[in-house]
Amino acid sequence: MATSAAPPGRCDPRRTLELRGGDRGAGPVIYWMSRDQRSRDNWALLHAQDLALAARRPLVVAFALAPAFLGATWRQYAFMLEGLKEVESDLAALGIGFRLLTGEPPAAVAAFARREGAQTIVSDFDPLRVKRGWVENLCRRVSCPVVEVDAHNIVPCRIASPKLEFGAYTLRPKLRRLLGEFLTPFARVTAHPWNPPAAPATDWDRVAAGLKADRGVGPVEGLKPGPAGGEAALRRFVADRLAFYDEERNDPVADGQSNLSPWLHFGHLAPQRAALDVRAVDNVPAASRDAFLEELIVRRELSDNFCFYNPSYDAVAGFHAWARATLDAHRADPRERLYGAAELDAARTHDPLWNAAQTEMTRRGKMHGYMRMYWGKKLLEWTPSPEEALRLANLLNDRYALDGRDPNGYTGTAWCIGGVHDRAWGERPVFGKIRYMNDKGCKRKFDVAAYVRKSGSPTS
């Protein structure tokens, strides 16, 4: 057995927060992996290993698989499970245990921690209500310390700002002041000298069979899930599209976006890894590099800020007061058309452009970012109330998008329908002072007919 001392802490202590103290058990340090599903470039795993090395204890990664989660379909579960298979293999090569737990996550993790006599539990930071509720529930069920680590944001959410920010222009300077301290190279997880007791490999077929996910929405062909798939997607973007990002990212006909959102959402790819790799490229226009980093860092971390400090992030109550007032003033405005959930789901509206955007999402698991804005705005125009528009936007996005149930998604729909992180515009029917978009504006920006054809929409 190795007797070397634990290395200095590799995770900036400002990323960590002790959620509860308690008596340390004689068993392993347990890292409850949830949002950041990778063994590489993971500050939470590094912190858990540092604790385990200091205590000379085994390190076990536990993932609690809820059999049903906020309407997730087989598309999303299949992508996640393939990634977790890779994580299990990677951890085994490092002498770190992996346990897939099933059932209500906080109860499953607490039972496992009690059974193993956990020394400490390390958890991922997540701004969403359900995940925060899970961790709070866990803290009530265990007696050992629980430590949260923000391994998802480059600048930890609580450190970036202690309050709800009004928009990108208020958060951006705060992030820029701190980036030099937090956008640092990753340490590597090392082979762990204290191995946990042997356990059988996960029966992934049995796990998949036990899920209650809707099998009618199947996996997206041509995407490789997991950390290796995410790293490969990042390399392709940097090599093939980064140079043209500033020019082409808002053209739905061009393949100009990074397309990294599925791997970022599941934590298969660390946003910090993407930022480090892109900043290291010096043979591309600075405008393209800066535009990508603005989206990856400022806009993405603004979404975490919105969801963390606004408990009504997925409700009209979470809109700014000016937006609620203007929407209320126009509630009774007549709508030229009204569509129900079934028509929208099936992309059966009068608008070929909207149908193409919906079809793109149902087939590819991702909608072009510019089209997502148009798509969301039309839901406000074609439904009887802002509440119904927001409900349907989140329902459809979470059903088909691989990055559904994500702060970016909830913030995006709130921007479309409730002007979150936007300003008041000229007043008009239905929208009030919420920014308006129409197909004429899209036609001035890109080849709408070409996008409709590209989507494979039935109306093309």
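**Close-up views of a predicted model**

**View 1. Packing of α17 against α18.** Helices α17 and α18 pack with their axes 10 Å apart and at an angle of about 145°. Axes are lines fitted to C-alpha atoms, for helices over the stretch in contact, and angles run from 0 to 180 degrees between N-to-C directions. On the α17 side the contact (heavy atoms within 4.5 Å) is made by P386, A389, L390, A393, N394, N397 and D398, and on the α18 side by G409, Y410, T413, A414 and I417. By class, this contact has 7 nonpolar, 4 polar and 1 charged residues. Here Ala, Val, Leu, Ile, Met, Phe, Trp, Tyr, Cys and Pro count as nonpolar, Asp, Glu, Lys and Arg as charged, and the others, Gly among them, as polar. The model is predicted: local features need pLDDT of at least 70, side-chain atom pairs count only at pLDDT 80 or more, and totals for chains, interfaces and linings use all residues. Residues are numbered from 1 along each chain as its sequence is written, and side-chain values use heavy atoms, with hydrogens and water left out.

**View 2. Helix α18 and its surroundings.** Helix α18 covers residues 407–418 and spans 15 Å from its first C-alpha to its last, close to the 16 Å expected (1.5 Å times one less than its number of residues). Helices (H or I, at least four residues) and strands (E, at least two) are DSSP runs, numbered from the N terminus. Because 10 of its 12 residues are buried, α18 is largely enclosed by the rest of the structure. Buried means under 20% relative accessible area, exposed over 50%, and partly exposed in between (1.4 Å probe, protein chains only). Among the elements covering these buried residues are α12 (286–309), α13 (321–329) and α16 (369–382). After the helix comes G419, with a positive phi near 65°.

View 3. N42 sits between β2 (29–33) and α1 (43–55) and counts as buried, at 0% relative accessibility. Its side chain reaches the backbone oxygen of R38 at 3.0 Å. A polar atom of the N42 side chain also lies 3.2 Å from the backbone nitrogen of L45. Both are polar contacts (a pair of N or O atoms within 3.5 Å; within protein, one must be able to donate a hydrogen and the other to accept it, and residues adjacent in sequence count only if both atoms are side-chain atoms). Beyond its neighbours within four places in sequence, N42 is in contact with Y31, M33, D36, A151 and F186.

View 4. G103 lies between β4 (97–102) and α3 (105–116) and counts as partly exposed, at 25% relative accessibility. Leaving aside neighbours within four places in sequence, G103 is in contact with L65, A66 and P67.
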